[in-house]
Amino acid sequence: VSRHLWWHVIVSFLLVVLAAGTVFAQANTREAPSPSAKKLASQRFREAKEAYQEGRYAAAASLFEASDRLSPHANMRFNAASAWEEAGETPRAATGFEAALAMGTLDSESEKAARERLNALKGSLAHVRILQPLGAFVTVDHVQRTPVPTSFYLRPGSYEIVTEYRGTRTKTQASVVAGQG
């Protein structure tokens with residue numbers, strides 16, 4: 001099979017996955033954060049709380065996400081999702097609530113709130129799951145160079161999906177519909 005044909009198979013598969021909404025499970029294999037990462041995560045958390053209290057919700061969400069990247073925690077993802085929702089960024093909010101729930105460590109009250117808020121947002125968004133090719137990176141809308149497999153939400157519409165895999169960059173057009181996935 002030629003390399004060109006092989007890429008068409010991969011791209012076609014991506015589109016099938018987008019359309020079909022196949023379920024996947026992703027293991028959390030992160031290492032424990034270093035003391036310096038924890039300290040910086042705490043600083044970002046304080047900055048995020050301040051931004052949220054000032055009504056700068058998008059900035060708060062970005063800072064909560066920065067804190068989570070340094071020291072992953074379900075509550076941080078929940079906070080980021082809440083801030084994205086306040087900022088009117090519903091796809092990012094839904095993606096964040098789903099990520100917080102997937103960690104399985106939210107307290108029962110936060111878990112209930114996250115499920116309710118995610119369910120309220122889902123009807124107006126498309127749920128996108130990309131499962132293959134493993135080792136690739138996907139960029140589309142707010143999802144930037146995210147490793148495959150991945151799951152996220154988008155507003156209904158047409159998007160250009162950029163896939164980077166083994167040194168090759170492929171662009172594919174896809175349309176998504178609310179309630180899809």
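## How the chain is laid out

Helices (H or I, at least four residues) and strands (E, at least two) are DSSP runs here, numbered from the N terminus. This is a predicted model, in which local features need pLDDT of at least 70 and side-chain atom pairs count only at pLDDT 80 or more, while totals for chains, interfaces and linings use all residues. Residues are numbered from 1 along each chain as its sequence is written, and side-chain values use heavy atoms, leaving out hydrogens and water.

With that in hand, welcome to the protein chain, which has 6 helices and 6 strands. Read from the N terminus on, its elements run α-α-α-α-α-α-β-β-β-β-β-β. Of its 181 residues, 40% count as buried, where buried means under 20% relative accessible area, exposed means over 50% and partly exposed lies in between (1.4 Å probe, protein chains only). A contact means heavy atoms within 4.5 Å. Among contacts with a separation of 6 or more, 55% come from residues 24 or more positions apart.

## Helix α5 and its neighbours

Helix α5 covers residues 90-103, so 14 residues in total, and reaches 20 Å from its first C-alpha to its last. That is close to the 20 Å expected at 1.5 Å a residue, the expected span being 1.5 Å times one less than the number of residues.

Is α5 mostly covered or mostly open? It is mostly covered, with 10 of its 14 residues buried. Among them are F97, E98 and L101. The buried residues of α5 pack against α4 (74-86), α6 (108-122), β1 (126-130) and β4 (150-154).

## Strands that pair

## Rings and charges

Rings of Phe, Tyr and Trp (its six-membered ring) pair if their centres lie within 6.5 Å; planes under 30 degrees apart count as stacked, over 60 as edge-to-face and the rest as tilted. By this rule there are 3 aromatic pairs. The F45 and F64 rings have centres 5.9 Å apart and planes at 50°, so this pair is tilted. It links distant parts of the chain, with F45 in helix α2 (residues 35-53) and F64 in helix α3 (residues 57-70), 19 residues apart. F45 is partly exposed at 25% relative accessible area, whereas F64 is buried at 4%. Y52 and Y57 form an edge-to-face pair, 5.0 Å centre to centre with 70° between the planes.

A charge sits over a ring if NZ of Lys or CZ of Arg is within 6 Å of the ring centre and within 35 degrees of the ring normal. R92 lies over the face of W84, at 4.3 Å from the ring centre. The charged end of R145 sits over the ring of F137, 4.1 Å from its centre.
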